[in-house]
Amino acid sequence: MLELRNIVFEVPTGKDGEIKRIIDDLSLTIEDDRFTVITGPNGGGKSTLAKLIMGIEQPTSGQILFNGQDITNMPITERAQLGIGYGFQQPARFKGMKVKKLLDIAAGRKLPMLACNEYLQKVGLCSASYLTREVDKSLSGGEVKRIEIATILARDPKLAIYDEPEAGIDLWSFDRLTETFRDIHEARDGRSIVIISHQERIIQLADEIVLLRNGKVAETGTPADLMPKLGFAAKGIGDCPFTQPTVLHLTEIPTTC
Amino acid sequence: MAVDLSPIDESLLAEIAGLHGMPKGAFNIRKDGELLRRSSSAFIDIETKTDNPGIDIRIKPGTKGETIYIPVIVTQSGLKDVVYNTFYIGEDCDVKIIAGCGIHNDSHEASEHDGIHSFYCGKNSRIQYIEKHYGQGEGTGERILNPVTNVYMEEGSSCEMEMVQLRGVTSTTRDTNAELGKGAKLVLIEKLLTHDKQVAVSNMNVQLNGEDSSVRVISRSVAQDDSVQIFNPLVTGNAACRGHVECDAILMGNAKVKAIPGIEAAHEDAMLVHEAAIGKIAGDQITKLMTLGLTSEEAEQEILEDFLN
């Protein structure tokens with residue numbers, strides 16, 4: 001179980017020592033075996049919250065507990081060893097490192113080829129040849145992103161946090177990925193998944209949705225409760241007038257100018 | 001011929017040539033400026049040069065699947081060993097050559113080995129050349145290696161050269177020169193790690209003379225502490241050819257790296273590209289590996305190993 005108690009995260013803006021509050025006195029509990037989706041507008045503090053849980057950022061104040069243990073000041077490595085995993089929104093690339101090696105590091109042991117192929121299949125990379133490719137710029141953005149997710153699958157943490165796993169992934173691979181998340185969740189073996197996402201199909205899988213706005217939990221609830229409010233069902237997000245463009249016929253466009 | 005390998009000799013040979021005991025087939029092991037042991041094979045003849053110190057290695061046309069070992073070890077301080085090794089590789093060969101030099105110096109006097117290697121690659125022959133340089137010992141004496149590599153490639157030949165220097169060499173100036181004929185393909189891979197106050201200079205001059213010849217120069221290096229590295233690879237296209245030069249360096253501590261990749265085209269169909277990048281280890285790489293349970297030191301080590309792998 002993960003408990004965030006009164007978390008505040010502030011950064012200096014650089015102007016006259018002014019500070020900006022990214023996370024504002026946020027408290028949240030994520031139970032074991034739960035599939036939680038954190039959603040909300042850009043700049044609302046979602047990625048920051050994920051980084052605070054992994055230890056990549058340190059809160060200005062507040063407390064983070066994992067299975068009852070205070071991990072607020074614990075370094076990233078120790079949190080990883082306790083069973084917290086984090087899938088980066090923008091994954092790092094490594095010159096010279098093979099995909100197989102990265103998966104081995106993630107798993108903490110040498111993995112059999114078959115197991116590696118299964119992890120890759122689960123993220124829609126259906127070719128064993130990926131294992132010997134280097135995790136460098138020769139891979140596309142979508143490929144690196146899926147390999148990033150595969151490293152978390154190989155690591156199999158108790159609490160996995162994915163920061164916008166769908167970003168940069170094509171529709172077909174996204175289908176496969178959604179199935180993978182559903183499978184992990186349905187296994188219900190004590191593992192928790194936290195996904196930061198804007199994707200309706202991922203949100204629908206959630207046990208609980210957390211709507212984050214201005215660094216605060218604006219609302220929480222089940223998909224049934226929150227989906228209509230999120231605007232997906234009504235498709236009326238922000239009432240943008242351009243969502244229904246005027247149909248123009250060529251004959252209506254003046255040609256005299 | 002008596003063979004007396006001390007534990008130091010054995011460790012040096014294992015480090016530079018992956019040898020444990022004497023190899024099979026054709027080989028020539030040189031220690032402290034003198035021949036330690038030599039063996040020719042049915043298709044490969046190794047003979048002492050008559051003009052200069054060193055050996056001529058003649059590989060008969062059509063020789064395939066053989067590996068030749070020519071490691072050099074220096075354990076005497078104050079020694080300057082200059083050796084000329086010339087390979088004459090016949091047509092249609094497919095061979096692997098493992099060279100390298102290991103210096104063990106416990107003294108305050110310098111030890112130096114300058115190996116001048118020349119390769120005459122026959123038509124359609126394929127050569128894989130691996131050269132490892134390594135230095136060890138507690139002394140303050142310099143461990144100096146100044147290799148010169150000359151490659152002359154005939155029509156349709158291909159050559160992959162991997163030259164590695166990881167740790168222990170105080171000072172090195174490497175000169176690599178190549179001339180490529182029609183359809184010849186050369187891959188030059190250089191991997192370098194310097195530390196403390198070491199200095200490494202690498203000059204390359206590749207002349208693409210034949211139509212459809214190609215070269216790839218891949219240089220990966222790590223400069224630590226107060227070490228200095230200078231790369232100066234030059235590829236000249238004198239025909240319709242392709243050349244790609246890639247220099248990548250990771251900088252640590254107070255080290256300095258200067259990369260001056262050069263390309264010169266003297267033919268309208270010469271396609272030459274160069275890239276060079278120098279920088280420290282990216283923070284996001286270390287963070288990622290830490291989220292997989294490695295400490296920052298382990299992460300750094302892992303990144304360097306893979307980079308030089």
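## Chain A at a glance

Two residues are in contact here when they have heavy atoms within 4.5 Å of each other. With that in mind, let's look at chain A of this predicted model. Among the contacts in chain A with a separation of 6 or more, 65% are between residues 24 or more positions apart.

Chain A holds eight helices and 10 strands. Of its 257 residues, 48% are buried. The accessible surface of chain A is about 12800 Å², and carbon and sulfur atoms account for 51% of that surface.

## Two helices that cross

Two packed helices are described by the angle between their axes and the distance between the axes. In chain A, helix α3 (residues 99-107) and helix α4 (residues 113-122) have axes that come within 11 Å and cross at roughly 95 degrees. Angles of 65 to 115 degrees count as roughly perpendicular, so α3(A) is roughly perpendicular to α4(A).

Which residues make the contact? From α3(A) come A:Val99, A:Lys100 and A:Leu103, while α4(A) brings A:Met113, A:Cys116 and A:Leu120. Sorted by class, the contact of α3(A) with α4(A) has five nonpolar residues, one charged residue and no polar ones.

## Where chain A meets chain B

The contact between the chains draws on 25 residues from chain A and 19 residues from chain B. Together, the two chains bury an area of about 1900 Å², with carbon and sulfur atoms giving 59% of it.

## Two buried residues in chain B

Let's start with B:Asn85, which sits in strand β6 (residues 80-89) of chain B. Is this residue buried or exposed? Its relative accessibility is 4%, and buried means under 20%, so B:Asn85 counts as buried. Leaving out residues up to four places away in sequence, B:Asn85 touches B:Gly54, B:Ile55, B:Ile57, B:Ile70, B:Ile116, B:His117 and B:Ser118.

Next comes B:Ser125, in the loop between β8 (111-121) and β9 (126-136) of chain B. B:Ser125 has a relative accessible area of 0% and is therefore buried. Setting aside neighbours within four places in sequence, the residues in contact with B:Ser125 are B:Ile89, B:Gly90, B:Asp92, B:Cys93, B:Gly156, B:Ser157 and B:Ser158.

Notes: Residues numbered from 1 in each chain as written. Chains lettered and ligands numbered in written order. Predicted model: local features only at pLDDT ≥ 70, side-chain atom pairs only at ≥ 80, totals over all residues. Heavy atoms only, no water. Axes fitted to C-alpha atoms, helices over the stretch in contact; angles between N-to-C directions. Helix = DSSP H or I, 4+ residues; strand = E, 2+ residues; numbered from the N terminus. Parallel < 35°, antiparallel > 145°, perpendicular 65-115°, else oblique. Nonpolar A, V, L, I, M, F, W, Y, C, P; charged D, E, K, R; others polar. Buried < 20%, exposed > 50% of the residue type's maximum accessible area, 1.4 Å probe, protein only. Areas by Shrake-Rupley, 256 points an atom, 1.4 Å probe, with all protein chains shown as cover. Buried area = accessible area lost by both parts, 1.4 Å probe.
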